[in-house]
Amino acid sequence: MMVKNNDGKEFKGTIITADSDEENSKVIKANEMLVDIGATSKEEVNELGIKFGDSIVVDGQFEVLAKGQRILSKAWDNRYSCVLGIELLEALKDIKLDVDLYVGCIVQNKVDLRGSEPATNLIKPDLAIVMDCFQANDIDGVKEAVGKLGEGVLANFYDKSMMPNRTLLRYLVDICKSNHIKYQYYYSMKENDAKWIHKKIIGCPTLMACICARNINTNSSIIDINDYMAAKKAIIQVVKSLDSEKIDKFKAENR
Amino acid sequence: MENVDLQMLKELSEADGISGCEKEVSRVVKKYFKKYADEILYDNLGSIIGLKKGKENGPKIMISGHMDEVGFIVRDIDDNGYIKLLPIGRWWGHDLPSQEMVITTSTGAKIYGVVGTRPPHGMTRAEEEKVINPIDLFIDLGVKTKEEVQNLGIQVGDMITPNVKFSVMNNPEYLMGKAWDDRIGVAVGIDVLKELQGIDHDANIYVAATVQEEVGIRGARTAAHLINPDIAFALDVTGAKDTPFDKGETKLGGGVIISVLDGMTLGNKGLLNKFEKICEGLGLDINYNSIPEGGTDAGNIHKTFCGIVTMTLSIPTRYMHSPRLVISRKDYIQTVKALAEFCKGMNIELLKDIKGANR
């Protein structure tokens, strides 16, 4: 674990358990856990500048795995998209777009999707693309399970928090097909930032163009670079091709 | 209005439109809005709004019924051509095995099939008594392979709805069809506009046929944002309790049902009182509903902007969220009458009175 004090200084620690005998082991509730940073007294902790309310994250190493196609790290949900957002801007920097492109990173997704509301109010988008990270379900061998590492960008046809704009989703799939970009259908019973983005104000067509990862929400999640590249290629093609006419069509899809 | 427009009800009931895919319903609504409304507006999720204008400074009244019905989407196509389902909205598994369903492809083609079931022979008692989870069901299209299904134009994500025709029942007061939840609410809105034809009124009436109620009352937000009304009525169905399965007061043919509260909204007191007086004045039958769970479009309308004076009117229905629902014309006709009368008489002064009831 990493504890961060108000000055931004970080302290490594670990969660201390009682004897972890397999027979007696049970899952401890998060708010009953203790983090040991090697201090021996409350005073020592105070001296380190650590206060009530300071943040603690699960630490994890960034490591490119075996054949160089997959990467292990904490927080792939949703740091990959922060990188991808920057790379999108980089890729599009000399290209003239028909749209004003706002690339942003939203806060407080993990506590009930709070940041997406003010962000949407700030920008008031005509169209939105959400780049989030979803659980891969490819280790049980169930054929109809969704989310397989390496199978490409996710074409999300249902999310608990948003029904897709079907025309826009089909548009993503068509772009993938014609550009030979790998894509896979996905559905999610969790919620994501699209929840508020698509239904704030008078609504806006919202596309989810996401990737999957194994071990999401642990410190050792794994993504496949090819999925990342597929999402990047697909989103670039979508953004380059957008204009008022297309966006109006997406808005009118249910009319 | 003594006669019910059966053709309109038939078209509304039979149109296929699940949450997020309401185009067919929207087009039916547009056809009637063109007859009875001065202007048609849309939000960006697909809610369609018909405006009948009053005075420029007249109060804005929003009447909201949702277009989307509960249904399914194609979750997966297996190698033998069986369609796996993903429910959109809430379904009881008991209502589904052996039902005829229709899949609507991206080109609008309709492909028919049947939800599979199991023969009773060889089932254990435990299996017989277990209700199958809707997500575990499948549709048999009568094909041999996945390829055949794809050649029919079916894709993952396509809409699936019950294949049910509208009918007038043996006592013509009763009407059976799919999706009375909430096409009957939409019908009320259209008929209110019709009732107001040729009549001058202060209020500007916005009849909103909203989208995506069944998945979280989403279109009501965007439509309310677009309209920014002074007063809003949500029209939605409520469960009738007059069958051998149920116990309770709500019955078909009881007349107007004023919803005092539900799980998301407390009906505005001033508005409830005013509406009740109108019903009394017309000699209508009045009932009250208070169900501490669930919600209607009112749930997300009443908290918009600085708050909107809102209440829900309920139309009772049997067999909600199943392929075949049964309603009574009488409840529908009385609701339209009361609502139209309210709209005729609403003005700035009365709006002040209503708002003032809580101050």
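This is a predicted model: local features need pLDDT of at least 70, side-chain atom pairs count only at pLDDT 80 or more; totals for chains, interfaces and linings use all residues.
Visitor: How is chain A divided?
Guide: Chain A has domain 1 (2-57) and domain 2 (63-251).

Visitor: How many Å apart do the C-alpha centres of the two domains lie?
Guide: The centres of domain 1 and domain 2 of chain A lie 34 Å apart.

Visitor: Now helix H4 of chain A. What should its 13 residues span?
Guide: H4 covers residues 166-178 of chain A. At 1.5 Å a residue, it should span 18 Å. Its end C-alpha atoms are 18 Å apart, so the two values agree.

Visitor: Which residues in H4(A) are buried?
Guide: Buried in H4(A) are A:Arg166, A:Leu168, A:Leu169, A:Tyr171, A:Leu172, A:Val173, A:Ile175 and A:Cys176.

Visitor: And what do those buried residues pack against?
Guide: Strands and helices of chain A. The strands are E10 (153-159), E11 (183-188) and E12 (206-213). The helices are H6 (225-241) and H7 (244-251).

Visitor: Which residue takes a positive phi just after H4(A)?
Guide: A:His180, with a phi of about 55°.

Visitor: Over to chain B. At what angle do the axes of H1 and H5 cross?
Guide: Roughly 140°. H1 is residues 6-14 of chain B, and H5 is residues 180-195. Their axes come within 9 Å.

Visitor: Why are H1(B) and H5(B) called oblique?
Guide: Angles over 145 degrees count as roughly antiparallel, and 65 to 115 as roughly perpendicular. The crossing is at roughly 140°. H1(B) and H5(B) are therefore oblique to each other.

Visitor: Left-handed or right-handed crossing?
Guide: H1(B) passes H5(B) in a right-handed crossing.

Visitor: Which residues make the contact?
Guide: From H1(B), B:Met8, B:Leu9, B:Leu12 and B:Ser13. From H5(B), B:Trp180, B:Arg183, B:Val186, B:Ala187 and B:Ile190.

Terms used:
Residues are numbered from 1 along each chain as its sequence is written. Chains are lettered from A and ligands numbered from 1 in the order in which they are written. Domain bounds come from an automatic or database domain assignment. Helices (H or I, at least four residues) and strands (E, at least two) are DSSP runs, numbered from the N terminus. The expected span of a helix is 1.5 Å times one less than its number of residues. A residue is buried if 20 or more other C-beta atoms lie within 10 Å of its own, exposed if 12 or fewer, and partly exposed in between; C-beta atoms are placed from the backbone. Two residues are in contact if their C-beta atoms, placed from the backbone, lie within 7 Å. Axes are lines fitted to C-alpha atoms, for helices over the stretch in contact, and angles run from 0 to 180 degrees between N-to-C directions. Angles under 35 degrees count as roughly parallel, over 145 as roughly antiparallel, 65 to 115 as roughly perpendicular and the rest as oblique. A crossing is left-handed if the near helix is turned anticlockwise from the far one by less than a right angle, and right-handed if clockwise.
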